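Thanks, everyone. Let me put the model up, and then we can walk through it.

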Amino acid sequence: MLTEMKREQLTEFYTECEKEYESYKSLNLKLDMSRGKPGADQLDITMPIMDILISPGDMIASDGSDTRNYGLLTGIPEARELFGGLLGCKADEIIIGGNSSLSLMYDSVSRAMSHGVLGSERPWNKEEKVKFLCPVPGYDRHFAVCEHFGIEMITVPMKSDGPDMDEVERLVSEDAQIKGIWCVPLYSNPEGIVYSDEAVRRFANLSPKAPDFRIFWDNAYCVHHLTDKPHRILNILEECKKAGKADMVYIFASSSKISFPGAGVAVLAASAENIKAVTAHLAIQTICFDKVNQLRHVKFFMNTDGIKSHMEKHRAILAPKFRTVLDILDNQLSEFGILEWNKPDGGYFISVNTLSGCAKRVVSLCKEAGVIMTSAGATFPYGNDPEDRNIRIAPTFPPLDELKTAMNLFCLCVKLASAEKLIHNS
Ligand SMILES: Cc1ncc(COP(=O)(O)O)c(C=O)c1O
C-alpha cells in the first residue's frame with residue numbers, strides 16, 4: 001500500500017516511476033482516450049446497411065409513402081414500431097428524430113425554456129430560476145446543455161443501484177424550481193451503473209413540487225451489453241403510467257452506437273399526449289426527418305432480435321478491450337491502494353477514482369506524455385469535481401495495442417501523481 005509507505009520509501013518509488021515516465025515521453029506518443037466513440041472495426045460491421053436501398057422501389061415505406069419525399073414528421077410506421085419495440089413503447093409513443101439523441105435532448109430543453117412543456121403554466125425561462133438535478137458522476141454533455149441554457153445544476157450522489165433516491169425525492173418535492181433530472185439508467189455514463197427496479201419505481205412515483213417536472217431518461221446504452229447476461233431495467237413509461245404520471249418522463253435513445261454515430265437514427269419516447277405536444281412544435285421546426293435512413297435501418301435490422309444479434313458483434317470487439325483495461329488496472333495498481341475502479345457489464349466507459357486531489361494531475365501527466373484522457377472534472381457539472389478524483393476512461397476507440405500502451409502509461413501517471421501527493425502530505 002502506497003498510503004502506508006514512509007517518506008524515504010515513497011521518494012524511492014517516485015524516482016523509479018519518474019525514470020519510466022521519461023522513457024515513455026521519448027516515445028512521442030499521440031493517443032486519444034478521451035471520447036466514447038466506436039472503433040473503425042465496429043463501424044465496418046454495419047457497412048452492409050449501405051447496400052440496401054438501391055432502386056426507387058426500395059424507397060417505399062409500409063404505409064405506401066415514398067421515403068424520399070416530405071411527410072411523416074414523427075417517422076415511418078415501421079421505424080416507430082421497431083424502436084418502440086426496443087424500448088417497450090407503442091408506436092404512437094415514439095418520434096423518430098434526426099441523427100442524434102443529444103440533439104433531441106437539447107431541443108426538448110430548449111422548447112421547455114422557450115414554450116414550456118405539456119402542463120407548464122409558463123415557459124421555463126419565465127420562471128425566476130430553473131434547476132436540474134444531476135446525478136454525479138455523469139455525462140458531460142447533459143451538463144453542458146444545462147449550462148448553455150443557464151439552468152442551475154444540483155448534484156445528487158450516485159449509489160450502486162442508481163441515484164440517491166432519498167435525496168432526489170426530498171429535493172424535487174421541496175423545490176418548485178427543480179424542473180428536471182438527467183438519468184442514464186442502464187450502464188450509466190461513466191460508471192456503468194444499472195438502476196434497480198426499486199430506483200425506477202421511485203422515479204415513477206416522484207411527487208415533484210413543479211407540476212411540469214420531467215425526467216430526462218437517456219437510455220443511450222439500452223442494448224449495449226458487455227457480458228452474455230444482459231441487465232434489464234424496468235420500463236419507466238409503464239411505471240409512470242401505473243403511478244398516474246405518464247407525462248413525467250421523456251425517454252431518449254439512438255442507434256449511434258448500434259449503426260453509425262452521426263448517421264444513425266434517434267428516438268424520443270413518451271406518453272402519447274407528450275408526443276402530440278412535442279409534434280406540434282416540431283411541425284414548425286421541420287417538415288420531416290431523414291426517412292430514407294429510417295427505412296435503411298429497419299430493412300437492415302428487421303426486428304429487435306436483429307438489433308440484438310448485431311450488438312453481439314459489437315460485444316465481440318468491445319469486451320476484449322474492456323477486459324484489457326481492467327486487467328492492466330488490476331495487475332499494475334491493485335497492490336497500491338491508490339485507485340478504485342468499476343467493472344461495468346455494459347456501456348462505453350470505465351470510471352476510476354484516484355486519491356483526493358490527484359485526478360487533474362494524472363490527466364495532465366498523461367497529456368505531457370502524449371495520451372489525451374477526458375478532462376478531469378468533466379463528469380461533474382461546471383467541470384468541478386469537488387474532490388478532484390474522478391476520471392472517465394473510454395476504451396472503445398483505440399486499437400488494442402494502443403489501448404495497452406495508453407493504459408500502462410495511465411497507471412504510471414496514477415503512481416506518480418499519488419506518490420507526489422503523499423510525499424507532499426508526509
Ligand atoms: C449517455 C449518452 N447519451 C447520449 C449520447 C450521444 O448520443 P447521440 O449520438 O444519439 O447524440 C452519448 C454519447 O456518448 C452518451 O454517452
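Start with helix α9, residues 272–285: 14 residues, reaching 20 Å from first C-alpha to last, close to the 20 Å expected at 1.5 Å a residue. That expected span is 1.5 Å times one less than the number of residues. Helices here are DSSP runs of H or I, at least four residues, and strands are runs of E, at least two, numbered from the N terminus.

Two housekeeping points. This is a predicted model, where local features need pLDDT of at least 70, side-chain atom pairs count only at pLDDT 80 or more, and totals for chains, interfaces and linings use all residues. Residues are numbered from 1 along each chain as its sequence is written.

Back to α9. Its buried residues are Asn274, Ile275, Ala277, Val278 and Leu282. Buried means 20 or more other C-beta atoms within 10 Å of the residue's own; exposed means 12 or fewer; partly exposed is in between, and C-beta atoms are placed from the backbone. Those buried residues pack against β2 (94–96), β8 and β9. Contact means C-beta atoms, placed from the backbone, within 7 Å.

Next, helix α4, residues 101–115. Its 15 residues should span 21 Å at 1.5 Å a residue, and its end C-alpha atoms are 20 Å apart, so the two agree. Buried in α4 are Ser101, Leu104, Met105, Ser108, Val109, Ala112 and Met113. After α4 comes glycine 116, with a positive phi near 85°.

Now the ligand. Which residues are closest to it? Ser100, Ser101, Leu102, Ser254 and Ser256, out of 13 that surround it. The cut-off there is a C-beta atom, placed from the backbone, within 6 Å. By class, the shell has 6 nonpolar, 6 polar and 1 charged residue. Nonpolar covers Ala, Val, Leu, Ile, Met, Phe, Trp, Tyr, Cys and Pro; charged is Asp, Glu, Lys and Arg; the others, Gly among them, are polar.

On to the core. The largest nonpolar core has 130 residues, and Val249, Ile251, Val267, Val362, Cys366 and Cys413 touch the most other members. Helix α13, residues 400–425, gives the largest share, 13 residues. Domain 1 and domain 2 each contribute at least three residues to this core. A core here is a set of buried Ala, Val, Leu, Ile, Met, Phe, Trp, Tyr and Cys residues joined through C-beta atoms within 7 Å. Take valine 362: beyond four places in sequence, it touches Thr354, Ile391, Cys413, Val414 and Ala417.

Domains next. Domain 1 is 2–33 + 308–425, and domain 2 is 59–302. Those bounds come from an automatic or database domain assignment. The two C-alpha centres lie 32 Å apart. Across the boundary, 22 residues of domain 1 are in contact with 25 of domain 2. On the domain 1 side, α11 (304–333) and β13 (390–393) each supply at least two residues. The largest share of that side, 7 residues, is from α11. Its classes are 11 nonpolar, 7 polar and 4 charged.

Proline 137 sits in the loop between β3 (131–136) and α5. Another cis bond joins asparagine 189 and proline 190, with omega about 10°. Proline 190 is in the loop between β6 and α7. Leucine 72 has a phi of about 50°, and its loop runs between α2 (40–44) and α3 (77–87). Leucine 72 counts as buried because 20 other C-beta atoms lie within 10 Å. Aspartate 388 also has a positive phi, near 50°. Aspartate 388 lies in the loop between β12 (371–373) and β13, and is partly exposed, with 19 C-beta neighbours inside 10 Å.

That's the tour.

How values were computed
Contact = placed C-beta atoms within 7 Å.
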